Amino acid sequence: MTDLNADIESLLTENRSFLPPPEFVRQANVNDPLIYEQADANFEEYWSNWATQLDWFKKWNETLDWNPPFAKWFINGKLNVSYNCLDRHLQSGRRNKAALIWEGEPGDWKVYTFGDLHREVCRFANGLKSLGVKKGDRITMYMPMIPELTIAMLACARIGAPHSIVFGGFSSESLRDRINDCGSKILITADGGYRRGQIIPLKKNSDEALEATPSIEKSIVVKRIGEKAKVQMKPDRDIWWDDLVRDAPYTFEAEHMDSEDMLFVLYTSGTTGKPKGVVHTTGGYLTGVYATTKWVFDLKDDDVYWCTADIGWITGHSYIVYGPLANGATTVMYEGSPDFPDKDRFWDIIEKYRCTILYTAPTAIRACMRWGEEYPAKHDLSSLRLLGTVGEPINPEAWIWYHTNIGGSRCPIVDTWWQTETGSILITPLAGLTTTIPGSATKPFPGIRAEVWDANGNPVSPGNGGYLVLTRPWPSMIRTIYGDNERFKEQYWTKYPNTYFTGDGAKIDENGYIWVLGRVDDVINVAGHRISTMEVESALVDHSSVAEAASIGRSDSLKGQAVVSFVILKDAISSSKILEDELKAHVTKKIGAIARPDKIFFTADLPKTRSGKIMRRLLRDIAEGHVLGDTTTLADASAIELLKDQYEDAE
């Protein structure tokens, strides 16, 4: 734990704290500190009470069946996620309330009421049904941030066809592999999307992927760009979205889904290099995102809530679509980036729609800090009443900048920790209860039991670091890795008996607050997006010039971590700047731009143990400028010293 304890020292000096504003406390959805004790005393009853706030076709007869590591929640209960996000609000007077506000990158926009969204979802569900889609069929989506993505998700949920959303920044090869892993029947894509004024060729990438995806029967294409996209439609396979729904009925009865029926599979990086298909089911997942959206964001009926994430990641699933809509909230969806057409894009959107809640990533906050205070200062941000952060730990100075320049020193900040696998937020302040400290996610959400353990499975004492673990099941937890129960058990449940190992390091302070320090396994967190070192290394070795590669995450003031790769070239191949750029482009092609190495170092050797294992820990020490840790297990200790000298000379 030497690396973790080094990080801890810098955090222990943080002594600024912020009480919840009294006026916020008075109106907060939860402001009674006894809720933690009550939830802990009978956590099954606590979660059952949350579940009763959803609409069920048939109530469950048992709250939890826990057979570690497999959990079932709300057993034999029947419900539908799409019904809970749409139909029940039509009956409660929200039919004409704004459900989805969409802002496109070029400045186009559209507002869907709950009634509008319900009609469009039913039309598309009927369109899918006309193609033979039925309950249990997997549907892959590879789309820009446009309303059709939300509509497609809710239509799949309505039918009972699990969706698998692939982030639009991933390559055609990544898309192909994810389609094949879950055997998707339909692909939904677009002719293209916009990013910083450039067209992202989603249809072209999709066509390349579909050259080797035998399970795909049809590809549905949204016309986002138009003629400029210059797409080619393949007869008998490709169909335009508009053609599919043109004559479709406006009603579609929601399928009665079992609580444990799969809602979606979402792929996330794993230490073996092969992406893991995280499976989330219907009743427990919806309960978790409904509860956390309501309490963490103190959601009110008149809020305009904006989560800036991409729906291709779990944050977009849970906190753009399912959590807010299940609560009957107005949710904002934005297609573009924070710096196009100018660096005040976020603040312009907040002012335009009078957003009251903003949930964004520390990476975005650090970028805005770098651009300067003048950009938010040009806009009226007085509508904001609560701020949130997600994706990675936030450094205290970014927290303070966010609090001061965006929140006007009046908005509580909820710094949240959770994962694709957890489904919903698990560690967070509650804005009406918690005294916040910049950089700390503070306490587990009521009903969640999170602890920090040492290598032997003992809770660490205050001020010390260890491994973040979850010692009790929760409704929105991962059920398995798609098609691989053994990998599920091995990945999360073998380090400690019957205990979920998060893969994150953390410390606990004298107040019992948790400070998350980041990944301890071979996963790099780039701007809140998890990239496996093995994925990057496999992409590099795929290049004809590369014999061997090792990749690590290096601290980055903007992205949190940046990818740094160490490469051994094949004999007779010479290193050069041209080759470095070529290898970076090769990684982008194989995985996507998010995995592109910031720097590639060419080396004659890598630090390895006598058994041949690459010691990435030592590479991280070099990249971070730390004193090298224990090198006694190296097969050749001189290799690491040579590499250290080479790295320092290059920097």
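## Helix α14 and the basis of the model

The buried residues of α14 are Pro 362, Thr 363, Ala 364, Ile 365, Arg 366, Ala 367, Cys 368 and Trp 371, where buried means under 20% relative accessible area, exposed over 50% and partly exposed in between, with a 1.4 Å probe and protein chains only. Helix α14 (residues 362–371) is thus mostly covered, with eight of its 10 residues buried, and just after α14 comes Gly 372, which takes a positive phi of about 115°. Helices (H or I, at least four residues) and strands (E, at least two) are DSSP runs, numbered from the N terminus.

This is a predicted model, in which local features need pLDDT of at least 70 and side-chain atom pairs count only at pLDDT 80 or more, while totals for chains, interfaces and linings use all residues. Residues are numbered from 1 along each chain as its sequence is written, and side-chain values use heavy atoms, with hydrogens and water left out.

## The seven-stranded sheet

Seven strands form an open sheet of mixed pairing, in the order β5-β4-β17-β16-β18-β19-β20; two strands pair if DSSP finds at least two bridges between them. The edge strands are β5 and β20 (413–415), each of which pairs on one side only. From one strand to the next the twist averages 15°, with axes being lines fitted to C-alpha atoms, for helices over the stretch in contact, and angles running from 0 to 180 degrees between N-to-C directions.

Strand β4 (residues 98–103) is largely enclosed by the rest of the structure, because five of its six residues are buried. Trp 102 has a bridge partner on either strand considered here: Lys 110 in β5 and Met 333 in β17. In the hairpin of β4 and β5, which has five residues between the strands, Gly 107 takes a positive phi near 110°.

| Strand pair | Bridges | Direction |
|---|---|---|
| β4 and β5 (residues 109–113) | five bridges | antiparallel |
| β4 and β17 (residues 330–334) | four bridges | parallel |
| β19 (residues 386–389) and β20 | three bridges | parallel |
| β28 and β29 (residues 560–569) | 10 bridges | antiparallel |

Glu 335 is found in the loop between β17 and α13 (345–353), and Glu 335 counts as buried because its relative accessibility is 6%. Leaving aside neighbours within four places in sequence, Glu 335 is in contact (heavy atoms within 4.5 Å) with several residues, including Trp 102, Glu 103, Gly 104, Tyr 194 and Arg 224.

A nonpolar core is a set of buried Ala, Val, Leu, Ile, Met, Phe, Trp, Tyr and Cys residues joined through side-chain atoms within 4.5 Å. Of the 149 residues in the largest such core, Trp 47, Phe 124, Ile 188, Phe 297 and Tyr 322 touch the most other members, and the largest share of this core, nine residues, comes from helix α7 (residues 147–159). Apart from it lies another core, of 30 residues, among them Val 332, Tyr 353, Cys 368 and Trp 399.

The axes of α7 and helix α12 (residues 314–326) come within 12 Å and cross at roughly 60°. That makes α7 oblique to α12, given that angles under 35 degrees count as roughly parallel, over 145 as roughly antiparallel, 65 to 115 as roughly perpendicular and the rest as oblique. The crossing of α7 past α12 is right-handed; a crossing is left-handed if the near helix is turned anticlockwise from the far one by less than a right angle, and right-handed if clockwise. In this packing, Thr 150, Met 153, Leu 154 and Ala 157 in α7 meet His 317, Val 321, Tyr 322 and Leu 325 in α12.

## The three-stranded sheet

Three strands form an open sheet in the order β28-β29-β30, again with mixed pairing. β28 (546–556) and β30 (599–602) stand at the edges, each with a single partner strand, so one side of each is left without a neighbour in the sheet. The twist averages 25° from one strand to the next. The bridge partner of Ser 551 is Ser 565 in β29. Helix α19 (residues 577–590) packs on the sheet and touches β28, β29 and β30, its direction making about 125° with that of β30.
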